[in-house]
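My notes are below the display.

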Amino acid sequence: MSQTIRHFLMSGRLDRFAIALSGLCLAHCFITAVVLGLLATAGGIFESPIFHEAGLVLAILMGAIALGHGALVHRFMMPAAIGALGLGVMAGALTMDHGWQESVYTLIGVGILALGHDLNHRAGR
């Protein structure tokens, strides 16, 4: 593993980046549900299932790397377990019909995932 990647993992930057990405996801879901939902043309682009599926794949990859690395380094599994629960809720939301219920479950999952990343970051200090 290169020194740059190792430093990125050991410094907690990946967790901070993942928390920021979770915040962007939260903003995206809120904006899509409330604001862009009112604008049919723009809302159609951002409500596309592929947009949500790609975001979930990115969240799973980042979560697996950041939370898994943290669990190996600080030997504390709780952050990874909480993060995995958040990812599961987000994945479950993808199985729902597109609407406000899906948005609510996605927001809950993103919040739980962000908590897992925050706990992982704190455990690594």
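The entries go from the overall fold to one helix and then to its partner.

I note that this is a predicted model, in which local features need pLDDT of at least 70, side-chain atom pairs count only at pLDDT 80 or more, and totals for chains, interfaces and linings use all residues. Residues are numbered from 1 along each chain as its sequence is written, and side-chain values use heavy atoms, with hydrogens and water left out.

Fold. I counted six helices and zero strands, taken as DSSP runs (helices H or I, at least four residues; strands E, at least two) numbered from the N terminus. Of the 125 residues in the protein, 33% are buried (under 20% relative accessible area, 1.4 Å probe, protein chains only).

Helix H4. I find 26 residues in H4, spanning 36 Å from first C-alpha to last, close to the 38 Å expected at 1.5 Å a residue (1.5 Å times one less than the number of residues). Its buried residues include His52, Leu56, Met62 and His69. Just after H4, Arg75 has a positive phi of about 55°.

H4 against H5. I looked up the packing of H4 (residues 49-74) and H5 (residues 78-94): the angle is about 170° and the axes are 9 Å apart. The two are therefore roughly antiparallel (angles over 145 degrees). On the H4 side the contact (heavy atoms within 4.5 Å) includes His52, Leu56 and Ala71, and on the H5 side Pro79, Gly83 and Leu87. I sorted the contact residues into eleven nonpolar, three polar and one charged (Ala, Val, Leu, Ile, Met, Phe, Trp, Tyr, Cys and Pro nonpolar; Asp, Glu, Lys and Arg charged; the others, Gly among them, polar).

Key
Axes are lines fitted to C-alpha atoms, for helices over the stretch in contact, and angles run from 0 to 180 degrees between N-to-C directions. Angles under 35 degrees count as roughly parallel, over 145 as roughly antiparallel, 65 to 115 as roughly perpendicular and the rest as oblique. Buried means under 20% relative accessible area, exposed over 50%, partly exposed in between (1.4 Å probe, protein chains only).
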